[in-house]
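Student: I have a structure here and want a close look at a single part of it. Please take me through that part step by step.

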Amino acid sequence: MIGAEVLWNCLRQAGVEVIFGYPGGAVMPVYDVLPASIRHVLVRHEQAAAMAADGYARATGRLGVCIATSGPGALNLLCGLANAFLDSVPVLAITGQVSTTLLGRDAFQETDVFGATMSVTKHNYLVSRAHDLPRVLNEAIYLAQTGRKGPVLVDLPRDVAQAELPPGVDSAPRLPGYKLQREDNSAQVHRAAEALAAASRPLLLVGGGIKWARAGPLVLELAEKAELPVASTLMGLGTVPADHPLYLGMIGMHGAVAANRAVQECDLLLALGVRFSDRTTGKREAFAPRALLIHVDVDAAELGKNVPADIPIVGDVGCVLRSLSSLVPERRRPEWLARVCSFPVAPGRQGVGVRAVRALARATADLARRGDLILVTDVGQHQMWVAQHYPFYHPRTLLTSGGLGAMGYGLPAAVGAQVGCPDKTVVLVTGDGSLQMNLQELATIVQEKLPIKILLLDNRSLGMVRQWQEMFFQGNLKAVFLRGPDWTTIAAAYGIKAWRCTDPADLEDALDQLLSEHGPGLLHCPVPAEEKVLPMVPVGEPLDRMILSWRRGDEP
Amino acid sequence: MRRIFSVLVENQPGVLARVAGLFARRRFNIESLAVGATQDPSFSCMTIVVDGDEGVLQQVQKHLDRLINVVRVSVLEESGAICRELALVRVNAAGTQRTSIIQVVNVFKGKIVDVAPGSLVVEITGDRDKISALLDLLGEFGIQELVRTGEIAIARGRQVVNEGGICIGQGAVRT
């Protein structure tokens, strides 16, 4: 058996059924023995392969796998790997490499992929000896999916892929430095339980870590038992159903008024599986200023990294929640609940962008409640409108590029989600800037017969950059106007049915039409370029310094 | 604040790059880094001296520990450890100064390891206070070139830093 066959065997044994990739010279020996039992989705750009693998993993909870050739192929993966790294998504990347005899000689399509991907992966390998390959692959598959999830890359030289391997080569992972089981945290958990019982204005903050621990129901159990209001980060949306009486909404730069104010007023913050990104905390030093902070994370390095924790707890958030629920007494907190419910919900007049997201929410309400809808976004204003106004009821129903904020994520992530969840409705909400960043994947969805529904909010500009220029750069608009194509014609050219909706009053009918289309479809919805995402906490300000409305002339 | 980390790592290609990359990316301030094989050739020991406040030093420890190839990170207190560094110093030595230099070096139990017209190479081993004291004195003669290894350290007494899950030399991993 040659190295390339060993690769496919290892992947099959790990339960891998689908991979996203793009062939090329150095990886051809691997493609040559691609088994029929693994579905290969041919993307149109390697970045899309990494992002589709990421979308597949987020939607299904399973390992996402992408494959590319050496040099340009591998480097094109980079943005997608960084995206998976920042949002802790289990992705395995296989890259072809020039033969070991050529390594270091600047051969055709040779780049130092090991060096280039070191800082955007959880771990990476260059396999220089064939008999290391089975062990390395098993380690890579294991690392990506355990502890704090993340992308792992295996760089596979052409001659290693072609080398004959004798049977019985050692394939057991050897990871003496991989510390999954930490020291006992029960003393810290007891301290946390006592603090929770004593707090009068406690708040739960849920993040992306919870879905990987499958701990959503445990969050609700604790919240209901101790009557704790719950706020979420962008990555935590869907952990707690949006219509739950204890749920306050998303916190952060574009967070809900109630959620942001609750953070600033609470006397105890129990943060679960969050990493306190700057977009979440606002001014770090002024974040939750009155709160005793309990921070639970599976990754010890997250504790104290951005915000100092009074009670840091390293551990699986599900295990910690189970202990906390058994230790914390039942309690009602009518005053605190009345207080957080008294905060205003949202600012007044809504633009076309928000109206479109709300219309989508109405049109997909049943699907969303059943958990049969996966909503994918790109990055920018439309992303924040979705986060603010679309109600999520289940984990893994929002796929969005949180940490990296990578425009172009949406379409390939939707590909991954639809491939992984063929029975669910996958809707991509995107903007005209983002969609053009990976537009070529429209061909992939047609070729792979993926019935993805695209809602394009087109403001003919880079809306979020424009918003900042208007609000914080004295209206000095630079490099934000995008002359787009005729979108319905573009879609038609790819073989995708498309509609345009120019009157917001027609949105719901247009969305019904889009959603009832059998195959893929695109609804082009023009949006005035001046629309803003509000509320907004300016960079470097505390969370309660929210701008609720803005007109020209309001610049500071 | 200065802290000495003794870091047991797998002896694999790229480990040094991972550690160096971590320090560069997170803006940790590295004072010195010395690395060499242990009694088990599949593991190396890095002695890393870091400068920073308590919060930074804790982050250094956690982020080092998070690297997959890092087996164990131990903090060595200077009072509870033996710290050594080796320095080679090429110092100006005009005829009349030679004897004075040799006398100073002898006091510090250093060695003259090379003699050339107009200069001497001095080898000195010790903790950093001893080395900096000698360098101050040699500075009066004029230092032409200075090379240092960076500190290495080992715990005093019976405390074995790199034991526990790993039994070095017996091929066993993880308990």
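**Chain B, with a look at chain A**

Tutor: In chain A, Val206 has a bridge partner in β8(A), and that partner is A:Ser232. Keep in mind that this is a predicted model. The bridge belongs to a pair of strands, β7 (residues 202-206) and β8 (residues 230-232) of chain A. They run in the parallel sense, with 3 bridges between them. Both strands sit in an open sheet of 6 strands in chain A. Read across, the order is β9-β8-β7-β10-β11-β12, and the pairing is parallel. β9 (247-250) and β12 (311-314) of chain A each have a single partner strand, so one side of each is left without a neighbour in the sheet. From one strand to the next, the twist averages 15°.

Now to chain B. Here 4 strands make an open sheet, in the order β2-β3-β1-β4. The pairing in this sheet is antiparallel. Its edge strands are β2 (29-37) and β4 (70-76) of chain B, each of which pairs on one side only. The twist averages 20° from one strand to the next.

Look inside that sheet. Strand β1 (residues 2-10) and strand β3 (residues 43-51) of chain B pair in the antiparallel sense over 9 bridges. Opposite B:Val7 stands B:Met46 in β3(B). A helix packs on the sheet: α2 (residues 54-66) of chain B. Helix α2 of chain B touches β1, β3 and β4 of chain B. The direction of α2 makes about 155° with that of β4(B).

Next, the domains. Chain B is divided into domain 1 (2-80) and domain 2 (82-152). Between the C-alpha centres of these two domains of chain B, the distance is 29 Å. At the contact, 7 residues of domain 1 of chain B meet 5 residues of domain 2 of chain B. Which strands of chain B each supply at least two residues of the domain 1 side? They are β2 and β3 of chain B. The largest share of that side comes from β2(B), with 3 residues. By type, the residues on the domain 1 side that touches domain 2 of chain B divide into 4 nonpolar, 2 polar and 1 charged.

Terms used:
Residues numbered from 1 in each chain as written. Chains lettered and ligands numbered in written order. Predicted model: local features only at pLDDT ≥ 70, side-chain atom pairs only at ≥ 80, totals over all residues. Pairing = 2+ DSSP bridges. Axes fitted to C-alpha atoms, helices over the stretch in contact; angles between N-to-C directions. Contact = placed C-beta atoms within 7 Å. Domains from an automatic or database assignment. Nonpolar A, V, L, I, M, F, W, Y, C, P; charged D, E, K, R; others polar.
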